Amino acid sequence: MNWQLKQKQSLPLEAKEILTDRRIYECYDFSEGLMYISFSGGKDSTVLLHRVRSLYPDTPAVFVDTGLEFPEIREFVKTIDNVTWLKPKVPFTEVIKKYGFPVVSKEQAQFISEVRTTKSEKLRNTRLNGNSAGRGKVSQKWRYLLDAPFKISHKCCDVMKKEPAKRYEKETGRVPIIGTMAGESQLRKQKYNKHGCNAFDTKRPISAPMSIWNDDDVWAYLKKYDLPYSSIYNMGEDRTGCVFCMFGCHKDTPNRFQRMQKTHPRLYYYCMYQLGLAEVLKFMGIDRGEDKDPLA
């Protein structure tokens with residue numbers, strides 16, 4: 001299936017628009033018109049919103065207000081019509097306390113958490129040594145995090161974002177359309193290879209009609225249709241999810257927290273010293289900028 005995904009990812013934008021529209025039509029038929037747009041306020045979901053509403057203008061959008069988005073994202077979402085704002089039941093401070101911090105990647109955070117918390121020796125052995133194919137284990141690079149003096153978990157997204165969305169789906173009967181792309185992570189690539197863009201045979205039916213797109217396609221689409229987007233992208237940010245999320249920040253130079261210290265010092269201070277990210281990043285050897293109160 002990988003070659004099929006690569007083939008579709010290499011298509012011109014116009015062809016991807018056609019294929020995306022087909023998947024949206026399929027979702028409309030499957031849901032009998034009861035679908036909604038998962039809208040984060042980021043560039044990908046901005047394109048998704050435009051694409052879906054160009055076909056079905058009355059499709060509602062849903063924004064999950066975790067309270068830890070960039071202020072520019074929140075302000076942009078306020079400019080969009082027909083958006084329902086949802087809130088998680090549990091604040092992030094409680095998620096950290098109960099489950100742990102999101103570090104490295106969702107997959108590795110899950111593996112690390114399972115090694116440290118499972119009562120199953122079979123699962124523990126798999127996470128340390130891999131399955132029959134040598135996969136599904138904590139990477140050697142991140143083994144030291146098994147002894148970290150803080151909890152590590154992949155569950156924050158489930159609690160902060162997925163739970164409110166699932167609650168909305170249960171109340172309304174609507175099927176979500178999301179703007180994720182297969183090339184963003186190995187996990188998303190695996191899901192695409194298993195289900196394609198529309199996973200209607202799963203416990204939670206979901207449509208991801210932009211799975212074959214990439215970042216260049218998104219920017220080209222925004223330019224082609226002259227669409228407004230959040231000003232946060234003009235401040236050096238490329239990914240605009242939850243500001244406290246540490247997934248992937250070890251790969252960037254400067255990383256999101258170094259940038260945040262300059263662009264959003266109050267938000268930076270909250271993340272570092274009130275949420276406790278300073279301790280985590282220091283333990284991991286990740287530069288977070290000058291080690292001082294940016295508001296002093």
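Student: How do β1 and β5 pair, parallel or antiparallel?
Tutor: In this predicted model, β1 (residues 35-38) and β5 (residues 175-177) pair in the parallel sense, over three bridges.
Student: And which residue in β5 is the bridge partner of Ile37?
Tutor: That's Ile177. Ile37 also has a bridge partner in β2, namely Ala61.
Student: What does the chain pass through from β1 to β2?
Tutor: Helix α3, residues 43-55. The β-α-β crossover made this way is right-handed.
Student: Switching to helices. At what angle do α12 and α13 cross?
Tutor: Roughly 75°, and their axes come within 5 Å. Angles of 65 to 115 degrees count as roughly perpendicular, so α12 and α13 are roughly perpendicular to each other.
Student: Which residues meet there?
Tutor: From α12 (residues 265-274) you get Cys271, Met272 and Tyr273, and they meet Leu277, Ala278 and Leu281 in α13. By class, that contact has six nonpolar residues, with no polar and no charged ones.
Student: What about α1 and α9, how far apart are their axes?
Tutor: The axes are 10 Å apart, and α1 (residues 2-9) packs on α9 (residues 186-195) at an angle of about 105°. α1 and α9 are therefore roughly perpendicular to each other.
Student: Who makes the contact in α1 and α9?
Tutor: Asn2, Leu5 and Lys8 on the α1 side, with Lys189, Tyr192 and Asn193 on the α9 side. The residues of this α1 and α9 contact split into two nonpolar, two polar and two charged.

Key: Residues are numbered from 1 along each chain as its sequence is written. This is a predicted model: local features need pLDDT of at least 70, side-chain atom pairs count only at pLDDT 80 or more; totals for chains, interfaces and linings use all residues. Side-chain values use heavy atoms; hydrogens and water are left out. Axes are lines fitted to C-alpha atoms, for helices over the stretch in contact, and angles run from 0 to 180 degrees between N-to-C directions. Helices (H or I, at least four residues) and strands (E, at least two) are DSSP runs, numbered from the N terminus. Angles under 35 degrees count as roughly parallel, over 145 as roughly antiparallel, 65 to 115 as roughly perpendicular and the rest as oblique. Contact means heavy atoms within 4.5 Å. Ala, Val, Leu, Ile, Met, Phe, Trp, Tyr, Cys and Pro count as nonpolar, Asp, Glu, Lys and Arg as charged, and the others, Gly among them, as polar. Two strands pair if DSSP finds at least two bridges between them. A crossover is right-handed if, with the strands pointing away from the viewer, the path from the first strand over the helix to the second runs clockwise.
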